Amino acid sequence: MKGQLFINGEWTGDYIETMDVFDPATGEKVGSIPKAGEKETKLAIDAAHDAFKDWSLLPAQDRASYLMKWHDLILENKDEIAEILTKEMGKPLAEAKGEIAYSASFIAWYAEEAKRIYGRTIPASAPNKRIQIMKQPVGVVASITPWNFPAAMIARKMAPALAAGCTFVAKPAELTPFTAIKLFELCEEAGFPKGVVNLVMGDAPSIGRVMTTSDKVRKLTFTGSTEVGKLLIQQSANKVHNLSLELGGHAPMIVCDDADLDLAVEGVIASKFRNAGQTCVCGNRIYVQEGILESFMKKLEVKVKGLKVGNGLEEGVDIGPLIEKKSYEKVQRHVEDAVAKGANVVIGGNGVANNDSYFFHPTILTNVTDDMVVMQEETFGPVAPIQTFKTDSEVVAKANDTRFGLAAYFFTENYSRGTKIAEGLEYGIVGWNDGVPAVAQAPFGGMKESGMGREGGMEGIEAFLETKFLSISLK
Ligand code: ADP
């Protein structure tokens, strides 16, 4: 495959030096893309800027129609996009298909929301005055997205931005650009006017610098590491750019002694081992109440033993490769640190690295203590450290004792108990008996160093709207 940039309705970039993209399951080259930098990013922003006025003035119904055409084309080409996604990212094909359907659900949702961007009329404090509140698109939006959900992270940002009347410049992760390229080919087929959607990729720091310092960009929306998120905040400070940031997590999963254990195990498997543990909302530390550890472990072990590791394109594979060597080494480091400090490896504990492909066996650790790195940092791999707890207040305090606040999960059948735990958790997303809560109609995002802003739901389109207060004085 040979990728190109999409700027002002044209595929371009042949003149630029290239970067290679590899299949993480085999280490083989998938294709190459242009290594775009400042110049191409500026061109893409200019195109989005020029297209903004006409696009923002289109009736919402018309913007919704373009979005629905794109949505339908994505679903028609679901299998092909999923295969591209698995080849460049590694997740099992069934999960890739799920991601495409999930991406499309955001586009359909925001095609509908486009028609429901309501303002307000507020009673004024003088008889001759009127107060109106208008909602208007922020302007040109730039986005930077990661490799772990190459389709969904783009759809979740682009659909509400376009629905709101914004034009868009996307920068996907250079590890997984071909899914984005396919999505943009379908944008072209859907007939979006020139310049409304643009795609650049290449030298991430140079592209990011232009996006954060351009006068023409009004909003930057980013999903990725907290470290890069902080850098983007600093770079945006001078222009006071409007930012939405979805950053790292360190999700606790709490299993109470009155939980439905089958449900809890199912939730832990779905949250912890999906995408080989490479999601920002992955359960990262599991707290099981004293007294049920043994029965919980029995059920969990059976399920984890049944998980098949391999190339995501093969039938029946549950856990694909880690994205790159760096990730593999990090997971290995976390496990080694835990073992050195006294953890027991119940299952797994090691990986297989060959020919530039890096697989890690699903791993369960017990006898885990708070000083272990696995209990303090996001592992981004298929490792489940398990600790016991005595009381709800103790476990909620432990769950909150982190700089992160993205997702948290707990399992209990008791409504009063669950309500109090939910209220006590300092997290933007809380799953109660639910390991996979994210959907298009609900706001997704984090507290503390996990970011700012929300994607999905009403909040997801609000992020791309300005609020204008109009005060009218009548004669
Ligand atoms: P991850 O650890 O998940 O790869 P990163 O934060 O490194 O997370 O990457 C997320 C996105 O941020 C990717 O598209 C990557 O290319 C981009 N990125 C990385 N460094 C920078 C930077 N200095 N400026 C702008 N974007 C960056």
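Helices (H or I, at least four residues) and strands (E, at least two) are DSSP runs, numbered from the N terminus. This is a predicted model, where local features need pLDDT of at least 70 and side-chain atom pairs count only at pLDDT 80 or more, while totals for chains, interfaces and linings use all residues. Residues are numbered from 1 along each chain as its sequence is written, and side-chain values use heavy atoms, with hydrogens and water left out.

**View 1. Met201 sits in the loop between strand S9 (197-199) and H7.** With 0% relative accessibility, Met201 counts as buried (under 20% relative accessible area; exposed is over 50%, partly exposed in between, using a 1.4 Å probe and protein chains only). Setting aside neighbours within four places in sequence, Met201 is in contact with a list of residues including Gln4, Leu5, Ile33, Pro34, Lys171, Pro177 and Ile207 (contact means heavy atoms within 4.5 Å). Val255 is 54 residues from Met201 along the chain, and their C-alpha atoms are separated by 42 Å.

**View 2. Here's helix H7 (residues 204-213) and what covers it.** The buried residues of H7 are Ser206, Ile207, Gly208, Val210, Met211 and Thr212. Their cover includes helices H1 (38-57) and H8 (226-236), plus strands S7 (140-144), S8 (167-171) and S10 (217-223).

**View 3. Helix H2 (residues 60-76) packs with helix H5 (residues 152-164).** Their axes are 9 Å apart, at an angle of about 155°; axes are lines fitted to C-alpha atoms, for helices over the stretch in contact, and angles run from 0 to 180 degrees between N-to-C directions. H2 and H5 are therefore roughly antiparallel (over 145 degrees; under 35 is roughly parallel, 65 to 115 roughly perpendicular and the rest oblique). From H2, Arg63, Leu67 and Trp70 meet Met158, Ala159, Leu162, Ala163 and Ala164 in H5.

**View 4. Helix H3 (residues 78-89) packs with helix H6 (residues 177-190).** This time the angle is about 160° and the axes are 8 Å apart. That makes H3 roughly antiparallel to H6. On the H3 side, Glu80, Ile81, Ile84, Leu85 and Glu88 make the contact, and H6 brings Pro177, Phe178, Thr179, Lys182, Leu183 and Leu186.

**View 5. Now for the cysteines: the count comes to 0 disulfides.** A disulfide here is a pair of cysteine sulfur atoms within 2.5 Å. The closest cysteine sulfur to that of Cys282 is in Cys280, 8.2 Å away, which is too far for a bond. Cys282 counts as buried at 4% relative accessibility, and Cys256 counts as buried at 0%.
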